Amino acid sequence: MRLRSSVAKLFGVTLLALPAAVSAQELSPLILGADATTLRVVRDVATSQLLEGPVLGAKAAFSFRRLQVEGRYAEGSLVPSGTLGADDEKFVDARVVARVSVTPYLSLGAGPHLRAFVTPVGTARWTRMELHARTEGELINGLARVRVDAWFAASANSNVQGGGDGAMGGEAGLLLRIPNTPTAVHLMYTADQATFVNGGTEFVEGIRIGLVLDRILSARRAAR
Amino acid sequence: MTNAMAKATNGVMTWLKVGTLLTLIMLLLAPARVLHAQEPVDPLAPALTSFNDLDYDIAATRLRAALALTGAQRLPDADRARALMYLGATENFRGVRPGAIDAFRSLLILDPRYRPSEVIFPPEVIALYQETRIGVRATSAQIAPLSEIAIPTDRLPIKIFASSLHDIRVRVTTSLGAPERILYEGVIGDSILVSWDGREASGAAGRPGRYLLRIASRSASGSPEREVQIPLEVEHVPIDTLPWPEPLNARSLRPETVVRANGTKQVITGLAGAAAVVLLPTLVGATDASSLRYGVAAGISVAGIIGLATATRPQPVPENIAFNNTLRAEWTQELERIKTENRTRLATVRLRVRAERAVTVEIR
C-alpha cells in the first residue's frame with residue numbers, strides 16, 4: 001500500500017513539472033554519453049548496511065520520430081562504510097528503456113532493468129520491468145534544461161531476501177549545454193528504493209555527472 | 001392720292017429688299033475673293049510665261065532678275081534651282097551655250113541631285129545638262145537639324161550626295177584649335193553615308209562649342225575645288241544618374257529579436273525541478289537519504305534564477321533574421337546595379353548637335 005501511494009506521489013511530481021515545461025523534448029537521432037556516479041546504497045534488511053563508491057557508466061540512445069530506445073550500463077565498486085568485516089561489493093546496473101513522446105513535453109516508456117551486487121559469497125540480483133515517465137523544461141534559453149524522470153517497477157524479482165516486492169525511483173537534474181559544441185553536461189540526482197518480500201529495503205542514490213554528445217542539439221545551436 | 005403714296009412706298013420697299021439681298025450676296029462672296037487673293041504667287045510666273053511664249057530674251061532677263069533677288073526676297077533653294085534650270089534652257093534656245101552651261105553649273109552646285117524633267121525640257125537641253133553635270137564636282141549633305149548622340153554608342157549619320165563621280169574629303173574641324181577629324185576620304189559616286197562619333201581627332205569627346213563639317217570636292221589632280229561647310233553647334237546634354245534605393249528602415253525590416261517570456265515559466269520550472277530533487281527520496285519511501293541532492297537542487301535553482309534574468313532578454317528570431325538578410329542582400333544587389341548603371345552613365349557623354357544651313361565655298 002505504501003509503495004502504491006508512493007507511485008502516485010512520484011508520478012504526481014512528474015505531472016507537476018509539466019506546466020513548467022516550456023519547450024518540446026527534442027529527440028536526437030543518436031545520443032552517446034559517459035558518466036560517473038558517486039553511489040550510495042543503504043540496505044536495511046536484517047541489519048542496516050551502507051555502501052559507497054564511484055560507478056562509471058555509458059549510455060546510447062537511438063531515436064526515430066517520436067520513438068526512442070535508450071540503453072545504459074554502469075559498473076563500480078562499493079565499499080562498506082561503518083560496518084566492520086564487511087566485504088566490498090561490485091555494483092553492476094543495466095537498463096533498456098523504449099520511450100515514446102506522447103505530448104511535446106512528456107514521454108512514457110518501459111523496459112527491463114537488471115541490477116547486481118557481486119560479493120565474494122554470492123551475487124544479489126534484481127530483475128525488473130519498469131514503466132517510465134519523463135519531462136523536461138527549459139531554464140535558460142538554449143543553455144540549461146531541467147529533466148525529471150520517474151520510474152515504477154511493474155514487476156520486481158530478486159534472488160535474495162525472499163524475493164523482490166517492488167521498486168520505484170527517479171532522477172532529476174540539470175542538462176547544461178556547452179555553447180557552440182555538440183555536447184552537454186548532465187548533473188543528475190538519482191534515487192531508487194526497492195522492497196523485499198521479507199520487508200527489507202534497499203535504497204540506492206547518487207549524484208551523476210555525465211558528458212553527452214547530442215547531434216540534434218548541436219544542429220539547433222548552429223542554426224542560431 | 002393715297003394710292004399714289006402707297007405705290008411709291010411699295011417701290012421704295014422693293015428696292016430696299018433688292019439692295020439688302022445684293023449686300024448679303026456680296027458679303028458671302030467676299031471671303032472667297034479674299035482667300036483667292038491670298039494664294040501664293042509664283043515668283044517665276046512672269047519669266048515662265050515668257051519662256052512658254054518662246055520669248056527667250058525677256059524670259060532670260062526675268063529669270064536673272066529673280067535669281068538676283070537678295071535678303072528677304074531671295075528665292076528659296078527649290079525656286080532657285082527651277083530658275084537656273086529654265087535659265088539654262090533659255091540660254092540654250094537663245095544659242096548662248098556658255099551661258100547655259102554656266103546656269104547648269106550653278107544649278108549643280110546648288111543641288112547636285114537635281115534632275116530636270118524630261119517632259120518639260122527637250123532632249124538637247126537634258127543632254128547639255130548631263131554633259132555639264134559630268135564635269136561639275138559638287139556635293140550636298142543631308143543631316144538632321146537637331147540630334148543627340150551618346151558617346152561611345154551612337155553616331156551622327158551624314159548622307160552625302162554627289163553631282164558626279166569624284167574624290168571628296170569629309171572632316172570635322174573646330175574653332176578651338178583641335179586637330180581636324182577626318183571622317184571620310186575617297187571616291188563618291190551617287191551618294192555615301194558617313195558618320196561622326198562625336199569625338200575629336202584626339203579621341204576625346206567633343207567639347208561644347210562650334211564645329212564645322214567640311215565636305216571638300218577635289219579635282220582629278222587632287223586639289224580641292226569647292227567645299228560644303230555645315231556649322232555644327234555642339235553642347236553637352238546633362239546626364240541623369242539613378243537615385244540610390246531607399247534605405248531599409250524599421251518598416252520594411254522585421255524585428256530580429258523578441259522577448260519571448262517574462263521568466264515565470266523558468267521560475268516555475270526551476271522550483272519544480274529543485275523540489276523534485278529534494279523530495280525524490282521521500283517520494284520513493286527512503287528515510288535515510290544523504291544531503292548530496294541539495295547541491296543538485298541548488299544548481300537547478302541557480303539556473304532557474306539565471307533563466308529568470310535572461311528570459312526577458314531579447315531572443316533572436318531566426319526566420320526574421322533570414323528574411324532581413326535576404327532583404328539586405330537584395331538591397332545591396334540593387335545598390336550595386338544602380339552604381340554600375342550610374343558609372344556607365346557618367347562615362348557616357350551625350351552631345352546635342354545642331355546643324356545649321358550649309359554653305360558652299362569655292363576654293364579657287
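Predicted model: local features only at pLDDT ≥ 70, side-chain atom pairs only at ≥ 80, totals over all residues.
Two strands pair if DSSP finds at least two bridges between them. With that in hand, look at chain B, where B:Lys159 stands opposite B:Leu193 in strand 6.

**Chain B overall**
- Chain B carries 9 helices and 12 strands.
- It has 364 residues, of which 24% count as buried.
- Take the contacts in chain B between residues at least 6 apart in sequence: 70% of them join residues at least 24 apart.

**A three-stranded sheet in chain B**
- Three strands of chain B make an open sheet in the order 1-3-6, and the pairing is antiparallel.
- Strand 1 (139–142) and strand 6 (191–196) sit at the edges with a single partner strand each, so one side of each has no neighbour in the sheet.
- On average, neighbouring strands here are turned by 25° against each other, ignoring direction.
- Strand 3 (residues 156–162) and strand 6 of chain B run antiparallel and are joined by 6 bridges.
- The peptide bond leading from B:Ile151 into B:Pro152 is cis, with omega near 15°.

**Where chain B meets chain A**
- On the chain B side 34 residues are in contact with 37 residues of chain A.
- Helix 7 (264–284), helix 8 (293–311) and strand 10 (315–316) of chain B are the elements that give two or more residues to this side.
- Helix 7 supplies the largest share, 14 residues.
- By type, the chain B side splits into 19 nonpolar, 12 polar and 3 charged residues.

**Positive phi in chain A loops**
- A:Arg65 isn't a glycine, yet its phi is positive, near 55°.
- You'll find A:Arg65 in the loop between strand 2 (48–64) and strand 3 (67–80) of chain A.
- A:Arg65 counts as exposed because it has 8 C-beta neighbours inside 10 Å, and the cut-off for exposed is 12 or fewer.
- A:Asn180 also has a positive phi, near 60°, and lies in the loop between strand 8 (164–177) and strand 9 (183–196) of chain A.
- With 10 other C-beta atoms within 10 Å, A:Asn180 is exposed.

How values were computed
Residues numbered from 1 in each chain as written. Chains lettered and ligands numbered in written order. Contact = placed C-beta atoms within 7 Å. Helix = DSSP H or I, 4+ residues; strand = E, 2+ residues; numbered from the N terminus. Nonpolar A, V, L, I, M, F, W, Y, C, P; charged D, E, K, R; others polar. Axes fitted to C-alpha atoms, helices over the stretch in contact; angles between N-to-C directions. Buried ≥ 20, exposed ≤ 12 C-beta atoms within 10 Å, placed from the backbone.
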